[in-house]
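I opened my notebook to look up the ligand and the space around it. My notes follow in the order I made them.

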Amino acid sequence: MDGRADSTPNSGGGIKRTQCTVERSPRPTRHGVTILPPSRAPTAILTLGRASRRTTVIVPYLLYRTARAKVGRDCDIFSVTPQDALRARREPGLVVLEGFHAVKHALRFGAELLAAWTSDAAALEDLRARLAPDVALEATEVDANELAAVVPRAQVLAVARRPRQADPDTLLTAPGPAPVVLLEDPRHLGNLGACVRVAAGAAAAGVLVTGGLDPWHPDALRGSAGLHFALPVHRLRAVRTGDRPLVALDPAGERLGGALPARAVLAFGTERDGLSADLLRRADARLALPMRAGVSSLNLATAVAAVLYRAVVR
Ligand SMILES: C[S@@+](CC[C@H](N)C(=O)[O-])C[C@H]1O[C@@H](n2cnc3c(N)ncnc32)[C@H](O)[C@@H]1O
């Protein structure tokens with residue numbers, strides 16, 4: 001079975017009466033806008049997500065016209081409430097941003113915001129004017145309880161389109177001395193996000209991650225303060241390094257003294273067990289940040305920060 005739901009803005013700029021026949025496997029219109037009433041949206045969003053490779057777009061009703069102008073024909077679905085951010089978290093084409101810093105950084109690095117909600121538009125505008133006057137941010141005001149049900153503490157919640165970024169092979173072949181950070185099977189999304197944040201700060205070429213965590217998970221985005229938008233971040237099925245030298249960072253390695261090789265893939269291990277034997281075998285060098293006797297290792301993101309700044313500040 002398939003179904004479709006279509007609606008078009010009327011000439012007065014509002015929304016025409018929606019004709020909606022959503023069946024069990026709705027197909028998004030190929031070049032149109034699919035609008036679903038909130039009561040049907042939850043099921044339909046999930047089904048659309050599975051049925052289509054196209055991005056599902058979720059915006060609040062009030063932003064309909066702005067969003068329509070922005071995303072135009074790429075738009076598959078519109079919905080209406082912050083609750084939809086919960087579903088957007090499961091959509092690979094969408095990114096959920098929680099909190100002002102995440103939204104600010106994402107916008108600064110070119111994010112296309114599809115929706116933003118706050119419970120206090122005046123306070124958010126004060127914050128924006130004080131901390132990020134370079135950024136334009138419009139958020140729909142919603143009830144504080146409605147927002148808190150989705151994000152308990154964030155002042156602003158937003159849904160952005162996942163950016164198109166250089167794929168891992170393009171990233172690995174990129175010229176220029178900037179290193180690539182490789183995180184082997186990290187277990188903590190906050191840590192992973194903090195690594196992305198420092199990689200962005202140190203102008204690394206990108207971050208590659210192996211293992212089970214999705215590096216674009218909202219908790220990782222919170223950890224990176226939205227800086228996933230500043231550089232390519234990808235999950236790899238298996239370690240690959242292209243023609244770059246592979247440097248393993250390992251507390252049991254040789255003391256990091258001289259310069260790191262240009263264009264290196266800098267590999268960091270999992271929080272408890274460190275780098276795998278396989279990666280250590282493949283590495284061209286195995287280096288350690290010196291530590292005081294008795295300290296067995298640094299936190300993953302701290303080690304990434306120390307090594308990256310060593311690599312980029314000459
Ligand atoms: C929390 S540590 C893992 C500790 C693990 N028991 C080990 O021995 O590797 C996570 C990762 O941070 C990096 N790291 C931590 N301290 C380091 C140091 N002093 N020198 C080099 N890398 C370090 C390594 O890549 C390590 O795999």
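This is a predicted model: local features need pLDDT of at least 70, side-chain atom pairs count only at pLDDT 80 or more; totals for chains, interfaces and linings use all residues.

I began with Gly-269, where a polar backbone atom lies 3.0 Å from an oxygen atom of the ligand. I count a polar contact as a pair of N or O atoms within 3.5 Å. Numbering runs from 1 along each chain as its sequence is written, and side-chain values use heavy atoms, without hydrogens and water.

Next I looked at Leu-249. A polar backbone atom of Leu-249 is 2.6 Å from an oxygen atom of the ligand. At Leu-298, a polar backbone atom is 2.9 Å from a nitrogen atom of the ligand. I then checked cover: the protein hides 87% of the 560 Å² of accessible area that the ligand has on its own (Shrake-Rupley method, 1.4 Å probe).

Which residues come nearest the ligand? Of 19 around it (a heavy atom within 4 Å), they are Leu-249, Gly-269, Arg-272, Leu-289 and Leu-298. I sorted this shell into eleven nonpolar, four polar and four charged residues; Gly counts as polar here. Strand E10 gives the most to the shell, three residues (strands are DSSP runs of at least two residues).

Where does the ligand sit? I found the ligand in the second largest pocket, with more than half of its atoms within 2 Å of the grid points. A pocket is an open set of points on a 1 Å grid over the protein atoms alone, with protein on both sides within 12 Å along at least five of seven lines; lining residues have an atom within 4 Å of a point. I noted 22 lining residues, with Pro-251 and Ala-303 among those nearest the centre.

Terms used: A polar contact is a pair of N or O atoms within 3.5 Å; within protein, one must be able to donate a hydrogen and the other to accept it, and residues adjacent in sequence count only if both atoms are side-chain atoms. On a 1 Å grid over the protein atoms alone, a cavity is a set of points where a 1.4 Å probe fits but cannot get out, and a pocket is an open set with protein on both sides within 12 Å along at least five of seven lines; lining residues have an atom within 4 Å of a point. Helices (H or I, at least four residues) and strands (E, at least two) are DSSP runs, numbered from the N terminus.
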